[in-house]
Amino acid sequence: MKFESILSEINGFGKFQLMIVLIQSVSRITLPAHFLLNIFIAAVPSHHCDTDSWLAKDLVFKNLTLDQRRNVSFPVEEDGAPSSCLMYSKPQYHLLFNNSNTTNPTTEPCKGWVYDNSTFKSTLATEWDLVCSNKGMNKATATIFFIGIMMGAPVFGLLSDRFGRRPLLMVSYLLTMLFSVVSALSTSYVMFMIMRFLTGFTITGISIISIVLSVEWFDVEHRTFAGIIVSLDWTIGNLMLAGVAWLVNDWRWLIIAVTSPLLLSVVLWWWLPESARWLITRGKAEQAHVYLQRCAEMNKCKADFTPETLANAVTVERDRRYTVVDLLKTPNIRKLAICTGIVWFGVAFTYYGISLNVTGFGLNIYITQFIYAFIEMPGKIGVYYFLNKIGRRPGQVWTLLLTGVCLIINMFVPSGFWIVRTVVAVLGKGLSEASFTIMFLYTTELYPTVVRQNGIGYTSFIARMGVAIAPLIILLEDVWKLLPDVVFCSVAVLAGIVACLLPETRDARLPEFIEDIEESRWFPESARWLIASGQLKKAQFYLQNCAKMNQREVTSSTKAENLAFIVVKEKGSRKYSYLDLVRTPKMRKLAMLTGMTWFGVAATAYGIGFNITGFGVDFYLTQFIYAVTELPAKLSVYYLLEKFGRRKTEAGSLLITGVCLGINIFISKDRRVVRTIVAVLAKGFSAVSFCTVVLHSSELYPTVIRQNGMGYNSFMARVGVASAPMILLLEEVWTNLAQVVLCSIAILTSLVASFLPETRGKCLPETIEDIEGKRDDPVGSPSMKTEETNEL
C-alpha cells in the first residue's frame with residue numbers, strides 16, 4: 001500500500017489537516033510583515049538640512065517665514081524642488097527679490113536634517129540620518145535581512161530533513177522572537193544590522209518548514225488546495241501589515257507588533273503533528289502510526305493499517321543521511337536543482353522588486369501597500385483554479401511572462417499618469433504573487449521526501465539572493481530612471497522561459513527518494529543518443545515511459561534486443577570530438593556550409609538588431625517594434641517549414657532580408673517611417689532564418705556528434721554576432737557601407753544555404769556513416785536518403 005493511498009483512506013483533507021493549516025497560519029502571518037517590514041521601518045520622509053544654527057546668530061533669518069527660509073537656504077534641484085542634501089554656506093537674501101541665482105554661491109553638505117514627522121514618527125532613516133550620502137546604508141538594511149534568510153535557508157533545510165519538521169519549527173519560533181525584540185532595542189546602526197541578519201536567519205525556518213509540513217499531510221487530490229490555503233496566510237499578513245504600520249508609526253514598536261503572533265504559535269505548537277511521511281522515510285513507522293491514527297480519529301475515518309504496513313509503504317534507508325550535496329550527485333536531481341534555482345531567483349527578485357517600490361507611483365505608502373496586498377487574494381483564488389485545470393508548469397511560465405509584460409508597459413507610461421502606472425503595477429504585483437504561490441507548491445512536489453527540506457532550503461537560499469539584490473537594483477534609477485524596470489522585466493521573462501524545462505506534477509504522487517527522480521521520466525535523456533551509445537536498457541526505460549504517458553501501447557519494438565538493431569554501434573569505446581566534423585569528406589562539407597550559414601544568419605540578425613538608432617525613429621519605439629515583429633515572424637515559421645521545407649525557408653528568408661537591406665540603401669534619410677518599416681521587415685525575416693537554421697542544423701548532424709556540431713555552429717554564430725558591431729562602425733567610412741556589407745552577407749548566406757540538403761520528412765541520421773553513405777539504412781530507422789547525402 002502506497003502512502004498516498006493511506007492518506008486518501010483517512011481523508012486527505014479533513015479536520016486534522018485543517019488543524020495543521022490553522023495552527024501554522026498564526027506564525028505565517030508574521031512572515032510577510034517581516035519580509036516587507038523595511039518598507040515602513042526604513043521609509044525616508046521628506047527632509048531638508050537643519051538650519052537652526054542660523055536662527056541663533058542671524059536676526060534677519062529668524063524673522064523670515066518658513067518658505068522664505070527655505071528659499072534663501074537651499075539650492076534648487078533640476079525638478080525645481082529645494083535640495084534635501086545641500087545648503088548654502090550662508091543665507092542668500094537676494095533670492096527673496098530675484099528667484100534666479102547668478103552669483104553661484106558656495107554650497108555644503110548638510111550637517112544635520114529636519115524630517116517631516118506627519119507620516120512616520122520614527123524610522124531608521126530619521127534615527128541614524130540614513131539619507132543623502134548614507135541612503136545606501138538605509139537600503140542595505142533590507143539586503144542584510146535577506147542575506148540572513150539566504151544563509152538560514154539551507155541550514156534549516158538540512159536540519160529539518162535530519163531531525164524533523166516539528167522540532168526545528170519550535171527553534172525557529174523562539175529564536176525569531178529573541179532576535180526581533182533585541183533588534184527593536186538596538187542602540188546603534190551596527191547592532192541593528194547584526195540583529196536583523198540573525199532575525200532573517202531564523203525566520204526562514206518558519207517559511208520553508210511550514211509549507212512542507214502542510215503539503216506532506218495532504219493527499220494528491222487536495223495538494224493544490226493545501227498549497228493555496230497556506231499561501232493565503234501571506235496575503236492576510238500583508239493586509240495586516242498595512243493597518244498595523246499605519247497605527248504603529250514608530251519603527252521599534254512596529255517590529256515588536258509584527259513579531260507578537262509568534263507567542264501564540266509557541267503555545268499552539270504542542271498540537272502540531274510531525275510529518276508522518278518524513279517519519280516513515282526515517283524508519284519511525286510506529287511514531288507515524290500514532291499521528292495517522294490521530295488523523296483518522298479526528299477525520300472520523302477507519303484506520304485500517306498497522307506500523308508494519310507503513311514500514312512497507314516506502315523503502316526505508318535508516319542509516320543514510322542526506323545533505324544539500326545530494327542535490328548535485330546524480331544527473332536528474334542536478335538538472336532539477338539548477339532549473340528550480342533559476343526560477344526561484346527570478347520569482348523572488350521580481351516580486352520584491354515590485355513590492356519594495358511602493359513609493360514610486362505617487363500614492364500614499366499605506367494605501368499602495370494595502371492595494372498590493374488586496375490584489376493577492378483574487379490572484380491566489382485564480383491560481384487554485386488554474387493549477388487544477390491547466391497544471392503547475394503552464395501556470396508558472398505564464399505568470400512570470402505576464403509579470404514581465406506589465407513591467408514593460410509601465411516603462412512606457414508617463415510618470416504623470418500615476419493612476420495608470422499604479423493599476424499596471426498592481427496587476428504585475430498580483431501576477432508575481434501568483435508565480436510565488438505556484439513555485440512554493442511546485443517545488444515541494446518536485447523534490448523527494450528525503451531531501452525535500454534540503455531542496456526547499458537550497459531554493460530559498462537562491463530566492464533570498466534575488467531578494468537581497470532587489471533593493472540595490474532600485475538604486476539604479478539614479479543611473480537611468482527606467483533601468484530597474486528593465487532589469488526586473490528581463491529576469492522575469494528569463495525565469496519564465498527556464499520554467500518551461502520543469503516537469504509537470506499535477507496529479508502525480510510525491511517522490512520519496514532520489515531514485516524516484518532518477519528513474520522517472522522527468523528530464524529524460526535522449527533515447528536516440530542512448531541507443532547510439534549502446535545504453536539500450538536506459539533507452540528502453542525512457543521509450544516505454546514515453547509510450548505510457550502518450551497513452552500508446554508498449555510494443556516489442558521497444559525491447560532492448562530490438563533497439564540494438566536501430567543503429568550500428570561503434571566497436572570499442574569510441575569517443576567523438578570536434579575533429580570528427582572534418583575527418584570525412586561529406587561531414588567536412590556539411591560543417592563548412594552550416595558554419596557559414598550560422599555566421600551569416602547571426603551577423604545579419606544582430607547587425608539589424610543593434611542598429612536601432614539608424615532610422616531616425618524613437619530609440620525605445622524601434623526596439624519595441626523589432627521585438628513585436630518577431631512574434632508573427634516566428635509563428636509563420638511552422639507553416640513555412642511544413643509547406644516549403646527547411647532549405648527553401650532558410651534560403652528564401654535570408655534572400656528577402658538582404659533585399660530589404662538593399663532597398664533601405666536607396667531610401668532617403670528623411671523618410672524615417674518608410675526606412676523603419678523596411679528595416680522591421682528585414683528584422684522579421686532574419687528572425688525566420690534564425691529559427692529555421694537551429695532546427696535545420698540539428699536535423700543535419702548525426703546523433704553521435706549532434707552536440708559537437710551544434711556547439712561548432714553556435715561558435716560560428718557568436719563570431720558573426722561579435723562582428724556585427726564592427727560592421728556598423730563602417731558608417732564612419734561611408735554612410736551606407738554597413739548596410740551594403742550586411743546586405744551582401746545575407747544574400748551570400750542565402751546562396752550557401754541553398755546547397756544544404758533538405759531534411760523535411762526525413763529520419764534523423766544516427767552515425768557519421770549515415771552522412772557518408774557507407775552503410776545500408778539500419779533496421780527500423782531509415783537515414784537520410786542517399787541522393788540527399790550525395791548533395792554534400
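Biologist: Leaving aside its neighbours within four places in sequence, which residues is threonine 199 in contact with?

Modeller: Contact here means heavy atoms within 4.5 Å. With neighbours up to four places along the sequence left out, threonine 199 is in contact with His34, Phe145, Thr176, Phe179 and Ser180.

Biologist: Before we go on, what kind of model is this, and how are residues numbered?

Modeller: This is a predicted model, where local features need pLDDT of at least 70, side-chain atom pairs count only at pLDDT 80 or more, and totals for chains, interfaces and linings use all residues. Side-chain values use heavy atoms, with hydrogens and water left out, and residues are numbered from 1 along each chain as its sequence is written.

Biologist: Back to threonine 199: is it buried or exposed?

Modeller: The place to look is helix α11 (helices are DSSP runs of H or I, at least four residues, and strands are runs of E, at least two, all numbered from the N terminus). Buried means under 20% relative accessible area, exposed means over 50%, and partly exposed is in between, using a 1.4 Å probe and protein chains only. Threonine 199 comes out at 0%, so the label is buried.

Biologist: How far apart are the C-alpha atoms of threonine 199 and threonine 176?

Modeller: Thr176 is one of the contacts of threonine 199. Along the chain the two threonines are 23 residues apart, yet their C-alpha atoms are separated by 5.3 Å.

Biologist: Which residues does serine 435 touch, not counting those up to four places away in sequence?

Modeller: Serine 435 sits in helix α21 (residues 418–446). Its relative accessible area is 1%, so it counts as buried. Beyond its sequence neighbours, serine 435 touches Val347, Gln396, Thr399 and Leu400.

Biologist: On to rings: how many aromatic pairs are there?

Modeller: Rings of Phe, Tyr and Trp (its six-membered ring) pair if their centres lie within 6.5 Å; planes under 30 degrees apart count as stacked, over 60 as edge-to-face, and the rest as tilted. By that rule the count of aromatic pairs is 16.

Biologist: Tryptophan 128 and tryptophan 251 form one of these pairs; how many residues apart are they?

Modeller: Their rings are 5.7 Å centre to centre with 55° between the planes, which is a tilted pair. Tryptophan 128 is in helix α8 (residues 124–128) and tryptophan 251 in helix α13 (residues 251–259), so distant parts of the chain are linked: they are 123 residues apart.

Biologist: And is tryptophan 251 buried or exposed?

Modeller: Ring pairs link tryptophan 251 with Trp128, Tyr189 and Phe192 into a cluster. The relative accessibility of tryptophan 251 is 1%, so it counts as buried.

Biologist: Why is the pair of phenylalanine 197 and phenylalanine 201 called tilted, and what is the angle between their planes?

Modeller: Both sit in helix α11 (residues 189–215), four residues apart, about one turn of the helix. Phenylalanine 197 is partly exposed at 24%, and phenylalanine 201 is partly exposed at 23%. Their ring centres are 6.5 Å apart, and the pair is tilted because the planes meet at 35°.

Biologist: Which ring does the charged end of arginine 196 sit over?

Modeller: A charge sits over a ring if NZ of Lys or CZ of Arg is within 6 Å of the ring centre and within 35 degrees of the ring normal. Arginine 166 does this with tryptophan 269, 3.9 Å from the ring centre. For arginine 196 the distance is 4.1 Å, and the ring belongs to phenylalanine 145.

Biologist: How many salt bridges does a search of the whole structure find?

Modeller: Side chains of opposite charge can pair when their charged atoms come close. A salt bridge is a side-chain nitrogen of Lys or Arg within 4 Å of a carboxyl oxygen of Asp or Glu. Searching the whole structure gives a salt-bridge count of eight.

Biologist: How far apart are the closest N and O atoms of arginine 392 and glutamate 445?

Modeller: Arginine 392 is buried at 1%, and glutamate 445 is buried at 2%. In their salt bridge, the closest N and O atoms are apart by 2.7 Å.
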